[in-house]
Amino acid sequence: MDIKKVVVIGSGTMGSGIAAHLCNANIPVTLLDLTTDISEKARERIQKSRPPLLIDKTKINNINVGNINDDFNFVKEADWVVEAVVERIDIKHNIYEKIFKNRKTGAIVSSNTSSIPIKILSEKLSQEEKKDFCITHFFNPVRYMGLLEIVKNENNDLEKINSLKKFCEKELGKGAIVCNDTPGFLGNRIGVYAMQVAMTEAFKMKLSIEEADAVFGRPMGIPKTGVFGLYDLIGIDLMADVLKSFIKELSKEDEFQIVAKDIPLITKLIEKGYTGRKGKGGFYRINKDNNQKILEAINLETEQYSPSKKIDLGIDTVNLKNLINRDDKYGKYAWSVISKIIKYASSLVPGITDKFNDIDEAMRLGFNWAMGPFEMLRSIGVNEFFNRIDSFEGNKFLENLSKNKDENFYGERQIYTDIQTLAKVRPTALKLDKNNSAEIHRFKDFNIVEFTTKACALDYDSMDALKNATDKPLIVINESMQFSAGVNLSYTMNFAEKNDFKSIEKFIKYFQDTCKTLKYSKYPVVSAPSGLTLGGGFEVLVQSNFVASHTNIVIGLVETIVGLVPAGGGCKEMLWRWMQTEEAKKDPDYAPLKVFDIIGYAKTATSPVEAKPLKYLNENDKTIMNRNSLFSVSKNILDNNKDFRPPEECSFSLSGKPLKEKMIKVLEKLYNEKVILDHGMEVGKELANVLSGGDTTIDKKLTENDLYKLELDSFMRLIENIKTQERIRHTLKTGKPLVN
Ligand code: NAI
């Protein structure tokens with residue numbers, strides 16, 4: 001089955017996201033709604049979306065728009081028709097009647113429904129039509145969420161389902177998991193149950209919402225929005241509708257029913273318009289009294305708001321065993337929630353899927369959990385789990401496991417895909433080393449470095465791992481959300497607070513030294529980024545010999561925002577890249593001025609398509625839609641470069657003083673227009689000093705070491721400056737930039 005043209009019907013949140021993503025995959029797509037005006041507006045929304053739904057915004061017009069009355073002829077040519085209209089069965093049935101009257105013989109028709117079973121959706125279709133009808137459940141935002149559930153039932157042509165899965169995996173880059181026609185499929189069934197358990201247990205155990213979110217969040221490998229924060233994000237009213245649908249669809253005996261019962265506080269919140277972030281607020285709200293924005297949290301007992309309290313459990317890494325064994329209310333809450341999730345998820349096998357592994361992967365891809373319920377069980381330990389659990393009667397999975405108590409019950413990860421992924425390879429690789437910030441594995445004849453800190457922030461240990469791993473060809477890759485958000489600012493500030501600038505200097509020198517080792521090691525180094533690739537993270541990438549990048553990256557040098565300049569070779573490498581252009585050959589100041597603009601404004605790109613014109617990525621760097629393929633593509637690069645030779649050292653001819661003056665003129669203009677303030681001027685001058693080559697003239701040749709030295713000196717002057725420290729402190733505290 002070849003999918004060459006697609007029609008999406010319904011241009012709301014999901015339809016427009018699906019159409020945008022098809023456009024990302026260069027598949028011709030037509031988006032239809034009740035009127036062309038509505039689908040035209042959807043196209044405008046796609047263009048303005050943040051984070052952007054399109055990888056390449058210039059392709060917006062590749063999404064054809066129309067309406068279901070005049071433009072249904074597009075359906076006649078489509079190989080796949082996706083229905084994403086409102087969640088109403090009468091409307092969906094009418095649409096199907098029309099689609100099946102017009103579709104090309106054999107074309108696939110699917111619904112994006114989140115809750116209506118195929119059985120009901122397809123009840124009016126002929127047996128022949130049912131063969132080609134399934135559910136393709138995408139998650140919002142479609143470009144960024146990895147999960148696609150393909151739901152089938154006994155009427156489907158399985159070969160067709162399989163080729164649709166292959167298409168979605170290869171062309172759309174999705175983690176496509178085929179599952180049975182049961183309410184909420186895999187992700188929402190477990191995900192919403194987990195939220196309800198986390199919420200009802202918090203009520204029962206009298207935890208505040210901040211406390212519950214502090215446990216049911218990072219310490220459990222769950223996004224930091226927790227449960228109450230996530231409720232606010234999704235919409236408290238929408239969650240109420242979702243629960244109603246589960247109550248209706250699930251059997252009376254299903255454990256879900258117990259946690260899906262109405263909660264009086266929720267009814268009151270919805271009545272008062274507290275529907276979450278889109279409304280006046282929800283469990284949390286921003287109080288704008290006295291011109292100050294204060295985050296407030298609701299008290300579950302008194303139902304009054306008061307300033308939200310930060311809860312620090314003192315946990316840096318996910319360790320479920322430690323968490324559930326804490327001798328405090330947080331430990332008890334964690335055990336209660338985790339054990340219920342494990343019990344519920346395991347009770348659904350084989351009903352919702354015969355592969356428990358698919359449930360875990362659905363939770364990773366659809367809810368951004370670091371591990372699913374069965375991985376949680378493995379991580380707690382099978383014996384420990386059974387020592388603590390009360391009853392599990394009728395739960396076939398747990399009954400079987402309790403007999404053999406096999407700690408190795410889990411088997412391979414990601415069995416839903418044939419791709420050789422990092423997660424599949426990791427357990428078979430040799431663990432060479434592990435420190436607080438990274439792990440080194442040896443697989444076949446090459447090494448793999450994975451950063452393991454929060455947002456993969458870099459410190460001395462991360463550099464140590466990279467350096468030690470260059471004794472073989474190397475792939476720098478990880479499975480967590482970000483490649484690296486840059487140098488760990490808290491780590492740097494800890495030294496600054498103690499006036500220990502010597503240690504900062506030592507670290508930066510080691511950073512530079514490591515990057516140089518990466519670049520000139522006799523074996524090739526491949527960086528395989530996804531997510532944030534900023535600052536120091538970019539500097540690791542730019543000094544790797546090859547790059548295999550996921551299409552969902554946010555890449556750039558953003559140091560100036562916190563009052564610093566890139567000092568791990570970022571300025572140097574960007575200069576070098578821009579010096580290779582035709583323009584730079586004619587004008588020696590062209591490259592430095594370009595780089596001054598890019599780094600000065602801390603420009604970032606949100607896809608490889610945006611990154612290449614800025615030269616954050618090279619034209620020949622590989623870009624990949626499916627994150628699962630990053631590892632195998634990187635491995636191929638190594639396989640194809642057995643006769644690799646390290647690059648020649650670069651040298652730089654820079655104009656020095658006159659160039660610096662040109663840059664300062666630019667800064668003065670910005671200062672006069674109040675775009676930058678006093679410290680912005682200082683930072684800009686330091687950047688100008690590095691990029692103009694410092695005390696040099698155009699006839700001198702500067703080496704890479706000279707550039708590293710300029711970067712280091714500017715960095716040190718800035719980090720010692722109180723105003724840079726103020727910027728860093730502010731950013732660490734608020735996550736926002738300080739303009740000073
Ligand atoms: P929405 O309300 O944003 O958009 C629905 C669109 O359907 C509107 O543009 C509306 O004008 C159009 N429409 C209504 N009747 C139509 C008809 N007869 N012909 C053509 N267009 C028609 O809804 P949303 O959120 O995009 O949901 C669409 C589907 O996706 C629903 O089945 C929903 O359950 C499901 N879903 C929603 C998710 C979400 O996060 N919003 C996630 C996953 C699935």
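1. Helix α15 (residues 329-347) packs against helix α17 (residues 373-380) at an angle of about 125°, and their axes are 9 Å apart. Axes here are lines fitted to C-alpha atoms, for helices over the stretch in contact, and angles run from 0 to 180 degrees between N-to-C directions. The two helices, α15 and α17, are therefore oblique to each other; angles under 35 degrees count as roughly parallel, over 145 as roughly antiparallel, 65 to 115 as roughly perpendicular and the rest as oblique. The crossing of α15 and α17 is left-handed, a term used if the near helix is turned anticlockwise from the far one by less than a right angle. Helices (H or I, at least four residues) and strands (E, at least two) are DSSP runs, numbered from the N terminus.

2. This is a predicted model, in which local features need pLDDT of at least 70 and side-chain atom pairs count only at pLDDT 80 or more, while totals for chains, interfaces and linings use all residues. Residues are numbered from 1 along each chain as its sequence is written, and side-chain values use heavy atoms, with hydrogens and water left out.

3. The ligand is surrounded by 23 residues, the closest being Met-14, Asp-33, Glu-87, Lys-92 and Ser-114; a residue is near a molecule if one of its heavy atoms lies within 4 Å of it. By type, the shell around the ligand comprises eleven nonpolar, nine polar and three charged residues. Ala, Val, Leu, Ile, Met, Phe, Trp, Tyr, Cys and Pro count as nonpolar, Asp, Glu, Lys and Arg as charged, and the others, Gly among them, as polar.

4. A distance of 2.7 Å separates a ligand oxygen atom from an N or O atom in the side chain of Asp-33, and a polar side-chain atom of Lys-92 lies 2.7 Å from a ligand oxygen atom. Of the 840 Å² of accessible area that the ligand has on its own, the protein covers 77%, by the Shrake-Rupley method with a 1.4 Å probe. Two or more residues of the shell come from each of α1 (13-24), α4 (89-102) and β6 (133-138); α4 gives the most, with three residues.

5. The peptide bond from Arg-50 to Pro-51 is cis, with omega near -10°, and Pro-51 sits in the loop between α2 (36-48) and β3 (63-67). Asn-140 and Pro-141 are also joined by a cis peptide bond, with omega about -5°; Pro-141 belongs to the loop between β6 and β7 (147-152).

Notes
Polar contact = N/O pair within 3.5 Å; in protein donor to acceptor, adjacent residues only side chain to side chain.
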